Amino acid sequence: MSVDATKEQFEHIEMFGKPALFTDARVDISTLPLGFYCYNLRGSDNDPGRPVTLELHVGVNHAGTVLTPQKIKIPESGYKRLKDGLNFLDEEISLEQFCREYQIDFKPRLAIQPASNREAGIFYAQDPDTDRMMGAIGHVRIDFGQSGKEFWHTWHPRGDESLNSAAFKEELTQVVDQLRDSVLKDLRAMDRFCYEHGGKIDGGWRQNYGYIIETENYRYCLRCSPGQGDYHAYLSCFDLNLQRVNLAKESTIAGELSGNKKKGVLNQLSDHREQIQEKDVVKPKAKQAGKTDPSL
């Protein structure tokens, strides 16, 4: 089980002469503040609790996790021997206290919430009327390539072009940049994230996972499909203010027409998850000329 970095009490350490934080637990990388790096310690076969190497990922003989505001270069071998590089300072400290002590700007990440299966419909393409009601702006289609380490993406508009404003584009870029440090880092990271965070939703020919990120003005619905043979992720974007207004209107109308059999958008979305058909499943994936700005 991974711990939340913002709630964990760490041991204050020096790693190769630089201040850092240590815990013997695994850390959920999606909870790291911006600007921090996460590394794992591997113990020896004879004494798994005694750290001997620093690595990005450790399965067997995990001896702890190190957080640092400075990047540590890991050799091509995949590990860096500690030797005398790990020094405990005999002090417990939280991440926020660490930032204050070293005058580091504490920038928490956006919260990523796993979806429930009843919300599955919002992670798939809707009919134009439903998209308008939900304040849809468009979605980003993402693929990690054959190696699982690339990042190809294309933008597909789904709503009023005026919603695709400069402010939205700027925020979308920030959201994607943060996701690329965790769930969208690469295919392996996505697979691990989905395993640890749940969020299973119906639809597709293999298991999909849904996650919701909300900001003041927008809702982002990330659908993950960890495995080769299909596109790996779709990030659907909605104008949250427009969505609230439209759903409030619909609720009022539904109350006035409660005697008829007309279904509201939310009930239609619930039905929609039972009818989902992946349009791209049988099509071979074509490489897209990825743009440096994911907001397009």
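1. The lining of the largest pocket draws its largest share, five residues, from helix α4. Helix α4 (187-197), strand β4 (26-27) and strand β5 each supply at least two lining residues. Helices (H or I, at least four residues) and strands (E, at least two) are DSSP runs, numbered from the N terminus.

2. This is a predicted model, in which local features need pLDDT of at least 70 and side-chain atom pairs count only at pLDDT 80 or more, while totals for chains, interfaces and linings use all residues. Residues are numbered from 1 along each chain as its sequence is written, and side-chain values use heavy atoms, with hydrogens and water left out.

3. The space in the largest pocket is about 690 Å³. A pocket is an open set of points on a 1 Å grid over the protein atoms alone, where a 1.4 Å probe fits, with protein on both sides within 12 Å along at least five of seven lines; lining residues have an atom within 4 Å of a point. The volume is the space filled by probe spheres set on the points, which are joined across faces, edges and corners. Of the 30 lining residues, I29, C38, L56, H57 and K185 are the closest to the centre of the pocket.

4. The mean pLDDT of the protein is 85, and 85% of its residues reach 70 or more; pLDDT is the predictor's confidence in each residue, from 0 to 100. Residues 272-284 have a pLDDT below 50, although this stretch has 25 contacts in the model beyond near neighbours in sequence. A contact means heavy atoms within 4.5 Å. Where pLDDT is low, the predicted coordinates should not be read in detail.

5. Two strands pair if DSSP finds at least two bridges between them. Strands β5 (residues 37-43) and β6 (residues 51-55) are joined by four bridges, and N40 has E55 in β6 as its bridge partner.

6. In strand β11 (residues 136-143), eight of eight residues are buried, that is, under 20% relative accessible area (1.4 Å probe, protein chains only). Six bridges join β11 to the antiparallel strand β16 (residues 233-239), where I142 stands opposite A233. Six bridges also join β11 to β12 (residues 152-157).

Note on methods:
Buried < 20%, exposed > 50% of the residue type's maximum accessible area, 1.4 Å probe, protein only.
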